[in-house]
Amino acid sequence: MKGKISVTIITGFLGAGKTTLINNLIKKHPDKKFAIIENEFGEIGLDGSFIIGADENIFELSNGCICCSLNADFYELINKLQTGGYDFNHLLIETTGIADPTSIVNAFLSDYEIIERFTIDSVICLADAVNIEDLINSEPEARKQLTISDIILLNKIDLVRQGYCDELISKIQDFNQLATIYPTSQADISQLEILDTHQYSGRKIEQSVSTFKNLAFLGNNNLKHDIKSIGISIPGDLDFERFRFWFETILFFAKYRPYRVKGILSFKDVPEKCILHAIKDNYVFDRGDLWKPDEERYCKLVFIGRNLDNLEIEENIYKLRAE
């Protein structure tokens, strides 16, 4: 392997079409050499014959759910991929349909040896249009899968009534407006570009934060779940050390602990925009473009999580402004 390998994490509840998507990705990108990790929960794993072109680059983890607790088998397999001489340039990880993929994402953000060789391209979620509304209201894992995703394929739209697709997109956007949502049938992505989108790059994060619209007061107050997206924007600079202390020790222990945070930040005496990306316990800062001499500095943060109190968060951030 030369250079860093891009990683696409594919999640979605049971029966949403994840295996079909993998087949379609292989068909669409014959030039790519995929390695595929599948994690099936239970004693019966997925038959490799369901994946077209199945060969030695397909790996199955059936010893427990790697989403729930990253076990030794997962790290052993990642090490095997790094050192075993396998010829591939893109890693696909299909998670179980009943789990929150956050721990897998964090492994690629926090483990130094993994970071050295791999970089996350995106998290893609398959959402079954027939069942996703009920799942959103009844299954916390389904909500988290949607929340953590960068790209959502609203699949099986051919099986629902006309106009219902738009309603579902609106419901999903109530708690994740940062994701790009594509309606599909049979996970057909032949006309879509969902690989090599660099969703975790500083520039992509900056774009998504810049275009975010605050939904704090626009969401449906009758929703049965308590996950939502909010945007906070304040003028001027923040004090870096005070912000970091607040972010690490106060925010992540608060009742509204977020699942995901993205931000464009201005810190005193720092000439560049600072791009923030956080997934649960892990966060990274990236340097963005230089602030222009005549540009008014600002800080804008987008939070996705439970029990978010936008007024309380905004008040706390105002207290972190540089003097």
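In this predicted model, Lys 32 is tucked away from solvent: its relative accessible area is 18%, so it counts as buried, since the cut-off for that label is under 20%. Lys 32 still has a charged partner, forming a salt bridge with Asp 196 in which the closest N and O atoms sit 2.9 Å apart. The two residues come from distant parts of the chain, 164 residues apart: Lys 32 belongs to the loop between α1 and β2, and Asp 196 to the loop between β7 and α8. Asp 196 itself is partly exposed, with a relative accessible area of 34%.

Next comes Lys 33, which is partly exposed at 40% relative accessibility. The side chain of Lys 33 meets that of Asp 87 in a salt bridge, at 2.7 Å from N to O. Here too, distant parts of the chain are linked, with Lys 33 in the loop between α1 and β2 and Asp 87 in the loop between α2 and β4, 54 residues apart.

A further pair joins Arg 260 to Asp 150, with 2.5 Å between the closest N and O atoms. In total, the structure holds 13 salt bridges, and a network of them ties together Glu 206, Lys 273 and Glu 295.

Ile 275, for instance, has Asp 286 as its bridge partner in β11. The two strands form a hairpin with two residues between them, and Lys 280 in the turn has a positive phi of about 50°.

Conventions
Residues are numbered from 1 along each chain as its sequence is written. This is a predicted model: local features need pLDDT of at least 70, side-chain atom pairs count only at pLDDT 80 or more; totals for chains, interfaces and linings use all residues. Side-chain values use heavy atoms; hydrogens and water are left out. Two strands pair if DSSP finds at least two bridges between them. Helices (H or I, at least four residues) and strands (E, at least two) are DSSP runs, numbered from the N terminus. A salt bridge is a side-chain nitrogen of Lys or Arg within 4 Å of a carboxyl oxygen of Asp or Glu. Buried means under 20% relative accessible area, exposed over 50%, partly exposed in between (1.4 Å probe, protein chains only).
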